[in-house]
Amino acid sequence: MQTEIEQTETARAALETTPKRRFWKTPYFRYGVSLAVLALLLKFIPFQKVIATMRSVPPWVAVAALVFYLLVHLLGVQKWRMMINLAGAGVSFPQALRCYYWGLFGNIFLPSLVGGDLVRAGMAFFFARSKPAVVLGSLTDRMQDMGSLLAVTLIGVALIPGNTDARTRNILWITAGFLIAVSLAGAAILFLVPVKRFSYKRRRTLVKVRHGARSMWRRPQTMILAFTFGMALQAGLTAINWWLGDVTGLHVSLAAWLFAWPLAKLTSLFGFTQGGLGVREATLVFLLMPFGAPGVKTLAVGLAFQAVLMTGGLIAGGIAMAMGRLEGLKTTGRQA
């Protein structure tokens, strides 16, 4: 048995041999980029007016928006559970809720929304019958989220009087083409790459993933229902932003928000900022400007929703932790 000194020396040697993370992969870099983008925005938009607009949100509206944010994500819980269970995970709703809410908590600290995906998938590994099913279902769920964002945007375009200009249509076509290309590339890699090219361990995992994908393909009605849940979730989050804007005097049509907010949210998928902070708000200011939205109010609403998102993530983490402790107490009671 190692002495305390030997254990200390071993730990120190391990730290010295562990490769250091590159700076651009650290939270400091992501927060720095977010703050730099916000600082650039505030160079053209008066900071005091932004703060005054944010303070004009009534407290009861902020609380109601927070509650609605947590409730509307129950659609996301069910959608994600449907996807991973369709691939063979076998996770119950309470277990999915716990994993999903941990993911919302992780979104606060990890790069982009994908960081939260990794947290909830990692939690689901403890409950699922098949880890590849969780991975495949989570990837499909994220692709559906991107597709639902684009679908909500298209609904907004259809509802906007006089439709949109050529530049806007080009943005939509490029985004749609990107999503289609990524989906086709993923399917090609999944089904066309020979299994024999991989090691035995990876081969077994790939076979399980392919089996889960075929299970999904055989139940298109579940895929469609999950996609509908995703659209409802994104529309609900957009409605929160529209409501926050309306109470602060940003009187822009809901159709304009349905067009602009999903596209702005897509920027959150890029990992060079902290959860899309800064880039998302800048994109929103740019997209709503043609609809007569003042930059001051748009930025204020974007930051107000960011406050809802972060507070909701902290509460979601607390709920997930409480659920875990309650389950632990139940297990201890059964054993006793």
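Is Val279 buried or exposed, and what is its relative accessible area?

Analyst: This is a predicted model, in which local features need pLDDT of at least 70 and side-chain atom pairs count only at pLDDT 80 or more, while totals for chains, interfaces and linings use all residues. Residues are numbered from 1 along each chain as its sequence is written, and side-chain values use heavy atoms, with hydrogens and water left out.

Val279 is buried, because its relative accessible area is 15%, and buried means under 20%, whereas exposed means over 50% and partly exposed lies in between (1.4 Å probe, protein chains only). Val279 belongs to helix α12, where a helix is a DSSP run of H or I with at least four residues, a strand is a run of E with at least two, and both are numbered from the N terminus. Computed along the sequence, Val279 and Lys265 are 14 residues apart, and their C-alpha atoms are separated by 9.2 Å in space.

The structure holds 2 cavities of 30 Å³ or more, a cavity being a set of points on a 1 Å grid over the protein atoms alone where a 1.4 Å probe fits but cannot get out, with lining residues having an atom within 4 Å of a point. The second largest cavity has a volume of about 30 Å³, the volume being the space filled by probe spheres set on the grid points, which are joined across faces, edges and corners. Its lining consists of Asn241, Trp261, Arg280, Glu281, Leu284, Gly302 and Phe305. The largest share of that lining, 3 residues, comes from α12, and both α12 (279-288) and α13 (295-335) supply at least two residues each. By type, the lining residues of the second largest cavity divide into 3 nonpolar, 2 polar and 2 charged, where Ala, Val, Leu, Ile, Met, Phe, Trp, Tyr, Cys and Pro count as nonpolar, Asp, Glu, Lys and Arg as charged, and the others, Gly among them, as polar.

The structure holds 6 salt bridges, a salt bridge being a side-chain nitrogen of Lys or Arg within 4 Å of a carboxyl oxygen of Asp or Glu.

One of these salt bridges joins the side chains of Asp141 and Lys79, at 2.5 Å from N to O. This pair links distant parts of the chain, with Asp141 in helix α7 and Lys79 in helix α4, 62 residues apart. Asp141 counts as buried because its relative accessibility is 0%, and Lys79 is likewise buried, with a relative accessible area of 1%. A further salt bridge brings together the side chains of Arg142 and Asp117, at 2.7 Å from N to O. Here Arg142 of helix α7 and Asp117 of helix α6 (residues 112-124) are 25 residues apart, so that this pair too links distant parts of the chain, and both Arg142 and Asp117 are buried. Arg120 forms a salt bridge with Asp141 as well, the closest N and O atoms being 2.6 Å apart. Because Arg120 lies in helix α6 and Asp141 in helix α7, the pair ties together parts that are 21 residues apart in sequence. Salt bridges that share partners join Lys79, Asp117, Arg120, Asp141, Arg142 and Asp145 into one network.

Val63, Val67, Leu71, Leu74 and Phe93 form a nonpolar patch on the surface, with about 400 Å² of accessible area together. Patches are made of residues with over 30% relative accessible area and no salt bridge, with like charges joined within 9 Å and nonpolar side chains (Val, Leu, Ile, Met, Phe, Trp, Tyr) within 5 Å. The areas come from the Shrake-Rupley method with a 1.4 Å probe, and for residues only the protein chains shown count as cover. Helix α4 (residues 59-86) gives the most to the patch, with 4 residues. Val67, found in helix α4, counts as partly exposed because its relative accessibility is 44%. By contrast, Leu86, also in helix α4, is buried, with a relative accessible area of 4%.

How values were computed:
On a 1 Å grid over the protein atoms alone, a cavity is a set of points where a 1.4 Å probe fits but cannot get out, and a pocket is an open set with protein on both sides within 12 Å along at least five of seven lines; lining residues have an atom within 4 Å of a point.
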